[in-house]
Amino acid sequence: MERSTHPRLDLSLDAAALTARLVDLPSESGDEKALADAVEEALRALPHLTVDRLGNNVVARTDLGRAERVVLAGHLDTVPIAGNVPSRLDEHGVLWGCGTCDMKSGVAVQLRVAATVPAPNRDLTFVFYDNEEVAAHLNGLGKVAEAHPDWLAGDFAVLLEPSDGQVEGGCQGTLRVLLRTRGERAHSARSWMGANAVHAAATVLAKLAAYEPRRPVIDGLEYREGLNAVRIEGGVAGNVIPDECTVTVNFRYAPDRTPEEALAHVREVFADCPVDEFVVDDHSPGALPGLSHPAAQAFMAAVGGTAKPKFGWTDVSRFSALGVPAVNYGPGEALLAHKTDERVAVDRILHCEERLRAWLTAAPQD
């Protein structure tokens, strides 16, 4: 009999021990195949699931004819390893290693639910995807959404991104634009012979410094917008008047704005500035919280706590674009993501696993 050439995952382990196994199977962005193979093999061994695969993206589903379908999603990749693999469990019950927080602890919870809840009260779809930590056009969830949107259909989705065991509703949109000013080169000793493009950018910076961001309340959550310069490029040499300057501006906007409204707002802010070129460099829409949906309310009742807004962008936006309300809920702490001392408390992993299982096995209320 031919033996498997890749490591196998033991889904009888608790979520914390399974997290350690996942961390010890490196899966930097673009190199997720070994982990995707292991995930696929483990899921195909579960008779209550139908499993499909696209590239290094694995999707498994129950088909029990339940009234609702919930999607549990998580990415398999990590940022580059920085001497923080293999995993290490310390005496305080903290698991250390690349991906412990973002987001192999969440993936472990997904796998445990897939293995231990064969007859959930809602049909379940489990999505494990690649290339989340790199350029958006490589994102595996986006590729699945484009090729097989039916695989992602559902009434509600939970993205197990790190949220320290608290529900974070929706996400902000993010828009990055390049504002270029142009002038004329001259010797700095005879500056009157040229036009300083860096000085022309001063009006852009003044607009940003005076900008007052909105703080809209959506589904009871207060989002905070932000419009900021994140980079300035300009200058030729120490004795030359610069003829070009580029200010990179990032707009983090609340999910009640459409992408078109967000872009129009930024254009309006700088309408009277002497900008010679306005270039959209990157744009990803936000996602509404969807907390008013009955499945979301049942989820909140099961996991407890108070929902918070998500400050930042996550793949809940992709579910929102498909018409599926989604939240972020995972055991890791977002502030520890991507750090060389990345870590997660074992009790937070086990708590997340227990809360999801309780939600998905509770008897329906009359």
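**Contacts and helix packing**

Modeller: Among contacts in the chain (heavy atoms within 4.5 Å) between residues at least 6 apart in sequence, 78% join residues at least 24 apart. This is a predicted model, where local features need pLDDT of at least 70, side-chain atom pairs count only at pLDDT 80 or more, and totals for chains, interfaces and linings use all residues. Residues are numbered from 1 along each chain as its sequence is written, and side-chain values use heavy atoms, with hydrogens and water left out.

Biologist: How do the axes of H8 and H10 cross?
Modeller: The axes of H8 (residues 294–303) and H10 (residues 346–361), which are lines fitted to C-alpha atoms over the stretch in contact, with angles running from 0 to 180 degrees between N-to-C directions, come within 9 Å and cross at roughly 130°.

Biologist: And which residues of H8 and H10 make the contact?
Modeller: Ala295, Ala298, Phe299, Ala302 and Val303 of H8 meet Arg355, Leu356 and Trp359 of H10.

Biologist: Which residues of H10 are buried?
Modeller: With buried meaning under 20% relative accessible area (1.4 Å probe, protein chains only), the buried residues of H10 are Val346, Ile349, Cys352, Glu353, Arg355, Leu356, Trp359 and Leu360.

Biologist: Switching to the whole chain, how many of its residues count as buried?
Modeller: Of the 366 residues of the chain, 50% count as buried.

Biologist: What is the span of the C-alpha trace along its principal axes?
Modeller: The C-alpha trace of the chain spans about 80 × 50 × 40 Å along those axes.

Biologist: And what does the secondary structure come to?
Modeller: The chain has ten helices and 19 strands, taken as DSSP runs (H or I of at least four residues for helices, E of at least two for strands) and numbered from the N terminus.
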